[in-house]
Each structure stands twice: as structure tokens, then as C-alpha cells.
Amino acid sequence: MRALAKFILRGRIQAIAVAALGLITLLPVSSAVVGLVSLAKGVKEGILVFLWISLLPLLTQQMGADNPLLVAVTIASLGIMVFAAAIHGLLASWQWSLVAIMVFAALCVMAFSLLMGSYVDALVTALQAMLLEIAQQQDVEISMTLSAPLVLGVLATVLFFGSVMGLILARWWQALLYNPGGFQKEFHSFALDAKLAVLLILITVFVLSLPTDYLLWVYLVVFPLLLAGIALAHHAVKQLNLGDQWLAFLYVALIMIGKPVTLILVGLGLADSIFYLRSKLAEYKKIGRAHV
């Protein structure tokens, strides 16, 4: 991966080539390329790479292959990375980078709803038809009816998660090149401010009170707490020398069990932001050494 990151930063053509390959093959690297260039070479260069890469989905749309809304989502995901990388480079704060991505994703989706309403409706119709076709093939009944708010929630979630993963990958690449091991320390120390964590919980409660069509928006609000919980788990495993198998178990449980594990990690992220559990973990480690 270090060699790939070095190749991307070798020049604008190399960065555009890797990002274009990611778009063509559907590999999740295009946003990370824009993020890496923006972090390492500045926002101006990141914007130039973003503009060149955006030509590919625009050309695809001109050929009539995609719904213009999907093209807009692709371009928005690349554009968000420029802003996210700029904020991360300026503030060096994961929590505010995540909040910025959340806001940008929400604003983009609101813009889609206002400016591309007919294409949103067309996407809802196409997805509903796809669900019915799958149901007929599997000989099952599907009672779920898609709506514009639900589909917009899906698009917001895709934009948010894609941008967060892109920024994480970009920052990891940057650390590999300029500060090996720096990303691990940065991620292990990630925690939310108590006021921000409480605000996110309050927003979560509000969104849960809305009709079920808006349920997917919860994921945008909860994810920073989830990531903080995962960071705490990584930190604990590292500090207590438990071994990587515990992290493997965590991710397998997160995938296989899902919601209960997610709620536990969100709770840990919230508790850490309020009580700073890392300090208590450090005290526990000191006590353990003293007894030894």
C-alpha cells in the first residue's frame, strides 16, 4: 500500500489514473486518492484532481448509461473528500472531520432533493421495480414500499460512509509515507468531546421519533460514536497486550451479530467521551505493573 500511495503522489496523471481505475472497477479508492492528494499536496491540487476525475462519470452520463442522480452522487463523494481533507489538515481533529462529512453529505442530499426531484422519483421507481423482480424470482412477498425520504437516506448514508472510509484510507496512506505508525496512534486516541457526544445522542433520539422513512439518517449521527467505541477497543487491546485475535473477534461479531455489538460500541464511545475511560485503563495498567 505504501508503494501505491507513493505512486499516486508521483504526479497528477498517476493520481488521476488510479482514481479512474477505481471508478471503472468500483474499487473504493477514488475518494481516497482525492483525499491523499489534498492532504499531501494541498487543497488546490486536490481540487484539480477532483475536477479531472469527475469528467469520467460525466462522460458516462452523456452516453446515457446512468441516472444523472447517480452520477451526481459519485461526483459529490469525490468533492466531499476535498473539503474533508482540508478540514482535517487544518484542525487535525477526527471528530470535526466526521462532523464536516456528515454536514456535507446531508447538504448534498438536500440539494439532490431540491434540484433533481424527478430523478429521485425515477430512482425510487427503479429500485421498487427491482425489489419486486427479486421477490418474484425468490417466490417471496415484499411488503416494503420505497419512498423518496428513504432513498435519500440511503444516498446520504452511502455518501457519508464512503467519504469517511476514503478519508481514513487517505490518512493511513499519508502516515505510511511520512509518519509510519502515526495513524495507529492517531486512531487509538480518537474520542469525542462530551458535549458533542451528548448532542449526537439527542439528535439520534429526535430522528428515531420521525417516521420510519427517515430511520437511515440515524446511521450518520451514530457512526462517530461507533467509531469512537472501535478506537477505544483498539486502544485497550494495544495497552493490555491482548493480541490481534481480540480485534478479529470484535469485527466478526460486529458483522455477524450486528445491532447488539453496535449498541455496545456506541455505548463505549459515549462513556469514553464523558468519563474518558482511557485514563482509567492507564491507571489499571499501572496497578497491574505494581502488583507484578
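This is a short tour of a predicted model, stop by stop, with something to select at each one.

Residues are numbered from 1 along each chain as its sequence is written. Because the model is predicted, local features need pLDDT of at least 70 and side-chain atom pairs count only at pLDDT 80 or more, while totals for chains, interfaces and linings use all residues; side-chain values use heavy atoms, with hydrogens and water left out.

**Stop 1: the core**

Select F112, L159 and W173. These residues have the most contacts inside the largest nonpolar core, which has 85 residues. A nonpolar core is a set of buried Ala, Val, Leu, Ile, Met, Phe, Trp, Tyr and Cys residues joined through side-chain atoms within 4.5 Å. Buried means under 20% relative accessible area, exposed over 50%, and partly exposed in between, with a 1.4 Å probe and protein chains only.

Now colour residues 148–178. This is helix α8, and it gives the core its largest share, 15 residues. Helices here are DSSP runs (H or I, at least four residues), numbered from the N terminus.

Which residues does F112 touch, leaving aside its neighbours within four places in sequence? They are L69, A72, V73, A76, G117, V120 and L159. Contact means heavy atoms within 4.5 Å.

**Stop 2**

Show helix α5 (residues 68–91) together with helix α7 (residues 117–138). They pack at an angle of about 105 degrees, with their axes 8 Å apart. Axes are lines fitted to C-alpha atoms, for helices over the stretch in contact, and angles run from 0 to 180 degrees between N-to-C directions. The two helices, α5 and α7, are therefore roughly perpendicular (65 to 115 degrees) to each other. Select P68, L69 and L70 on α5, then Y119, V120 and L123 on α7, to see what makes the contact. These residues divide into six nonpolar, no polar and no charged. Ala, Val, Leu, Ile, Met, Phe, Trp, Tyr, Cys and Pro count as nonpolar, Asp, Glu, Lys and Arg as charged, and the others, Gly among them, as polar.

Keep α7 on screen and bring back α8. This pair packs at about 95 degrees with axes 10 Å apart, so α7 and α8 are also roughly perpendicular to each other. On α7, pick V120, D121, L123, V124 and L127; on α8, pick A148, V151, L152 and L155. This contact has eight nonpolar residues, no polar and one charged.

**Stop 3: an enclosed helix**

Go to helix α3 (residues 30–41). Is α3 largely enclosed or open? Of its 12 residues, 10 are buried, so α3 is largely enclosed by the rest of the structure. The buried residues pack against α1 (2–8), α2 (12–25), α4 (43–62), α5 and α8. Just after α3, click on G42, which takes a positive phi of about 105 degrees.

**Stop 4**

Select S54 in helix α4. S54 is buried at 5% relative accessibility, and beyond its neighbours within four places in sequence it contacts I75 and L78.

Move to H188 in helix α9 (residues 182–188). H188 is buried, with a relative accessible area of 10%. Leaving aside neighbours within four places in sequence, H188 meets A231, H234, H235, K238 and R278.

Finish at A233 in helix α11 (residues 217–239). A233 counts as buried at 17% relative accessibility, and L247 and L250 are its contacts once neighbours within four places in sequence are set aside. Draw a line from A233 to I75: they are 158 residues apart in sequence and 34 Å apart in space, C-alpha to C-alpha.

Terms used. Parallel < 35°, antiparallel > 145°, perpendicular 65-115°, else oblique.
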